[in-house]
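Student: I've got this one open on my screen. Can you walk me through it?

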Amino acid sequence: MLKGTLLYLANRPPVYRLVMRHDLLRGLTQRYVAGEELADGIVVAQTLNTQRLLVSLDHLGESVTNGAESRRAVADYLDALEGLAGEQVEGNISLKLTQLGLDVSREICVAHLRKILSRARELDTFVRIDMESSAYTQRTLEVHQELWKAGFRNVGIVLQAYLHRTAADVERAIDMGVQVRLCKGAYLEPARVAFPDKADVDANYARLMERLLVHGNHPAIATHDERLIRLAHEIAQRENIAPDRYDFEMLFGVRRDLQLRLVQEGYRVRVYLPYGKEWYPYLVRRLAERPANVGFFVRSLVSEALAGRRNGHP
């Protein structure tokens, strides 16, 4: 119940304003977010590289509602590409289509993505399109397919194992040769579109992971679940899949011990590294995945809300 409540709060503007106004959770944010500026992200990425960890740099922000905001997001991502190349960081970028204006205009979003992919191709950098809630799944895949057909092969997608539709999406990605990051999914979804039980999500993840490892194009196995990681090892050994044919991908601030252990064992590990001022929705989704932090979040939120009322704030 608390997890569902947190995911609901992630998209509530009044709660967002309360958190940002009162500077709630900034200390905890530093665990999961590199910082608020690109320079912060680059410095953390360089540090991770010294530990033989690859990165995927994500400029936080989503659900842009006007053209000016989407153009700023494009500029931010172009700066990120230049920063990665200029500092010789071993990494790529991840982005969300609503940040590029998908809710404003599909045509604007496609034009913005084309601009980013063009510069990324010049710099020999890969771009991953993050997946958002199920309301955007089909539109996201259609935009990706349009750019893929236009000749861009430096763009991959994310597919979410908790959605019922994902098995079919995995098969299409395999047929196209698209690089997939497979994750479990972190949005609050109805049972008609997503598996409600964790056991069913895990089982579907295992099935889809095997399909991608055996038949896919350099998949990214995005999980901190050691049971699934062991299963990936077993599949790779059984099918004679070399460690350089896939990545493990994990979140910044989560299971650093596991990340380093896998690197020491000879596996490719990429850290999803977010930065930026729009950290609240991302942080809440991370808290929802870690029950130990849920109580802290709720207590802080209630405390600040009550303090605001006592001081006459809305």
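Tutor: Helices and strands are DSSP runs numbered from the N terminus, with at least four residues (H or I) for a helix and at least two (E) for a strand. This is a predicted model, where local features need pLDDT of at least 70, side-chain atom pairs count only at pLDDT 80 or more, and totals for chains, interfaces and linings use all residues. Residues are numbered from 1 along each chain as its sequence is written, and side-chain values use heavy atoms, with hydrogens and water left out.

Student: OK. Which residues of H5 meet H6?

Tutor: On the H5 side there are Ser70, Arg71, Val74, Tyr77, Leu78, Leu81 and Glu82, and they meet Ile108, His112, Lys115, Ile116, Arg119 and Ala120 in H6.

Student: At what angle do H5 and H6 pack?

Tutor: About 10°, with the axes of H5 and helix H6 (residues 106-122) 10 Å apart. Axes are lines fitted to C-alpha atoms, for helices over the stretch in contact, and angles run from 0 to 180 degrees between N-to-C directions. Angles under 35 degrees count as roughly parallel, over 145 as roughly antiparallel, 65 to 115 as roughly perpendicular and the rest as oblique. H5 and H6 are therefore roughly parallel.

Student: Zooming out, how many helices and strands does the chain have?

Tutor: The chain has 13 helices and 8 strands. The 8 strands close into a barrel in the order S1-S2-S3-S4-S5-S6-S7-S8, with parallel pairing. Two strands pair if DSSP finds at least two bridges between them. Neighbouring strands of this sheet are turned by 25° against each other on average, direction ignored.

Student: Give me one pair. What joins S2 to S3?

Tutor: 3 bridges, between S2 (residues 91-95) and S3 (residues 127-129), running parallel. Ser94 stands opposite Arg128 in S3. Helix H7 (residues 137-149) lies across S3 and strand S4 (155-160), and it runs at about 160° to S4.

Student: And S7, is it buried or exposed?

Tutor: Buried means under 20% relative accessible area, exposed over 50%, and partly exposed in between (1.4 Å probe, protein chains only). In S7 (residues 247-251), 5 of the 5 residues are buried, so the strand is largely enclosed by the rest of the structure. Asp247, Glu249 and Leu251 point one way, while Phe248 and Met250 point the other way. In a regular strand the side chains alternate between the two faces of the sheet. S7 also runs parallel to S6 (residues 220-222), joined by 3 bridges, and Ala222 has Glu249 as its bridge partner in S7.

Student: Which residues have the most contacts in the largest nonpolar core?

Tutor: Ile93, Leu95, Ile116 and Phe248, in a core of 74 residues. H5 (residues 67-86) gives the largest share of this core, 7 residues. A nonpolar core is a set of buried Ala, Val, Leu, Ile, Met, Phe, Trp, Tyr and Cys residues joined through side-chain atoms within 4.5 Å. Another core, of 11 residues, lies apart from it and includes Val33, Val254, Trp279 and Tyr280.

Student: What is Ile93 in contact with?

Tutor: Leaving aside neighbours within four places in sequence, its contacts include Tyr77, Leu81, Ile116 and Arg128.

Student: Where is Gly276?

Tutor: In the loop between strand S8 (269-275) and helix H12 (280-289). Gly276 counts as buried, with 0% relative accessibility. With neighbours within four places in sequence set aside, Gly276 is in contact with Val33, Gly35, Glu36, His59 and Leu60.

Student: Last one: what covers the buried residues of H4?

Tutor: The cover includes strand S1 (54-59), H5, helix H11 (256-264) and S8. The buried residues in H4 are Gly41, Ile42, Val44, Ala45, Leu48 and Asn49. After H4 comes Arg52, with a positive phi near 65°.

Terms used:
Contact means heavy atoms within 4.5 Å.
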